[in-house]
Amino acid sequence: MKWISAACIHNWGWQKLKVLVIGIDGASPILVERWLEDLPTFQRIKKEGYFGISVPPTPAQTPVAWTTFMTGKNPGKHDIFSFIMRQRKTYERQIAQPAMIKSKTLWTLLCEKEKRVGIINVPMSDMKQVKGFIIPGFLAPTEGIPNPELIQKKLTRKFGIQRFIGDVETEVLLNVKKEPLRFFDRVNQITEETAQISLFLAEEENWDFFMTVLMGTDRIQHFFWRFIDPNHQKYKRNQFTELVREYYKKIDGILKKFLDIMDKETIMIVLSDHGFCPVHSELVINNYLEESGFLKIKNERIDLLKSKAVSYGYGDIWLNVKGREPQGLIESGKEYETTRNTIIQKLRELRFNSEKPFKDIKKREEIYWGNNLRNSPDLVAIFNLGWQAARRPEIMKKHPSRMYVNRNPRWSGGHDGTHDPVDVPGIIGFVGRNIHGPKEVMVHLQDMAPTILQIMDIPIPEDMDGQPMVF
Ligand SMILES: [Zn+2]
């Protein structure tokens, strides 16, 4: 066990503090700074507290980032490498979900120490081992179902709900272009409901650690980033610019309500899992793998068994290795290395009208470590700003120019392309007991679980990768 350092003991004065975390999925430090004049609560956090940027893991995707937050570990240990991963035995795509996390979460550790937790709408959270209450969030099979039943009954009595809706319905998302205002209305409505339910439970229930996540920022920014970022090739100011600003004002108002109900023994942490960057082009990596002979097609579909390398739709590239995959084609050792080096070189050379889609292509051991490194993609492509992997990894029709690119895709903002974590930082803020700002801070998401354990005076497990912040 790592114990808090003497300096920390002095700083914290052995206080057993409570922690309240407000997660704002995808909230961007660029926008908070730009609109600060209209965001009085963020101003207050900046003035009285610590404020700065949080650096997401690679890839900077919602499930990977929140899992890194809640375990204090890199993906090589917690085993969540992407939204979509390869199932080794069947080669099929597998969507990330909480049961796949191979590590104790912050809340498990807290509950083991008899702390009471409340977890609302956190992506990749599930019901297991929680002393207290939980409403699982995005990607959980039990998403939106309050647990235990007593909490569900209380919420039904107060708000008339059985199942809590934390995210915009697919049908609304599919029609954003046609009905943008309906989308904004729905995001605002869900945000208000999430805030009301979270405030109600935070006030009514006993807890030592409470966390809620608002998802609207992420959903809005994917669709409307080109209306807010002057660095976007298709930047245009219009009514949407104002609607996004209004949304940040709404978030600011919600933060104020939490500060108002917070007691003197609590520290409030505000953070996002990643920020955003412009996206103007999407690239189908699999077309280039096919041209280089690594990927095979059968009946116009990717032949997963006969392919030496394939991408599942982000920056991931998985090799088909003998002795590892059931129908492996590449010898481990020298051939494996040569294959990886050739793919890296080919992708690095790609140019479109002098534009370079890739910033870098990493071998897995360069960015991950730990027991589950063997489950990660063999290569992770990091895109330059403006580019991301096509959401549909299927081969595009043969193109005479050999440019397998979608220009101006449905989303104009991104973060999970895979982008370099330093290109899409999130926000971090601390305010409350023992926090004497102003102070600018920078943390990696994996530092947050150890930092929270330190604040709550709980030993930090040795195998956590993150380091507690020194205040
Ligand atoms: Zn996210």
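Domain bounds, as used in this report, come from an automatic or database domain assignment. On that basis, the protein chain of this predicted model is divided into domain 1 (6-276 + 421-455) and domain 2 (280-407). The C-alpha centres of domain 1 and domain 2 lie 31 Å apart.

**The two domains**

Contact between the domains involves 21 residues of domain 1 and 23 residues of domain 2. On the side of domain 1 that touches domain 2, the elements that give two or more residues are helix 5 (75-78) and strand 3 (84-86). Helix 5 gives the most to that side, with three residues. By class, the side of domain 1 that touches domain 2 has nine charged, six polar and six nonpolar residues.

**The largest nonpolar core**

The largest nonpolar core holds 128 residues, and those that touch the most other members are Val-19, Phe-209, Val-270, Ala-309 and Ala-381. Helix 9 gives the most to this core, with eight residues. The core draws at least three residues from each of domain 1 and domain 2.

Helix 9 (residues 180-204) also packs with helix 11 (residues 239-261), at an angle of about 5 degrees and with the axes 11 Å apart. Angles under 35 degrees count as roughly parallel, and helix 9 and helix 11 are therefore roughly parallel to each other. Among the residues that meet in this contact are Phe-184, Thr-191 and Leu-199 in helix 9, and Phe-240, Leu-243 and Ile-254 in helix 11. The residues of the contact divide into 10 nonpolar, two polar and three charged.

Leu-17 is found in the loop between helix 1 (6-12) and strand 1 (18-24). With 19 other C-beta atoms within 10 Å, Leu-17 is partly exposed, because a residue is buried if 20 or more such atoms lie within that distance. Leu-17 and Lys-264 are 247 residues apart in sequence, yet their C-alpha atoms are 9.1 Å apart in space. Leaving aside residues up to four places away in sequence, Leu-17 touches Glu-265, Thr-266, Ile-267, Arg-433, Ile-455 and Met-456.

With that exclusion again applied, Val-19 touches Phe-209, Thr-266, Ile-267, Ile-269, Ile-452, Ile-455 and Met-456. Ile-452 and Ile-455 are among the buried residues of helix 15. Eight of the eight residues of helix 15 (residues 448-455) are buried, so this helix is largely enclosed by the rest of the structure. Just after helix 15, Asp-457 takes a positive phi of about 65 degrees.

**Backbone features in loops**

Asn-121 has a positive phi of about 60 degrees and lies in the loop between strand 5 (117-120) and strand 6. Asn-121 is buried, with 28 other C-beta atoms within 10 Å. Leu-139 has a positive phi near 80 degrees, and its place is in the loop between strand 6 and helix 7. Leu-139 counts as buried, with 22 C-beta neighbours inside 10 Å.

How values were computed. Residues numbered from 1 in each chain as written. Predicted model: local features only at pLDDT ≥ 70, side-chain atom pairs only at ≥ 80, totals over all residues. Helix = DSSP H or I, 4+ residues; strand = E, 2+ residues; numbered from the N terminus. Buried ≥ 20, exposed ≤ 12 C-beta atoms within 10 Å, placed from the backbone. Contact = placed C-beta atoms within 7 Å. Axes fitted to C-alpha atoms, helices over the stretch in contact; angles between N-to-C directions. Parallel < 35°, antiparallel > 145°, perpendicular 65-115°, else oblique. Nonpolar A, V, L, I, M, F, W, Y, C, P; charged D, E, K, R; others polar. Core = buried A, V, L, I, M, F, W, Y, C linked by C-beta atoms within 7 Å.
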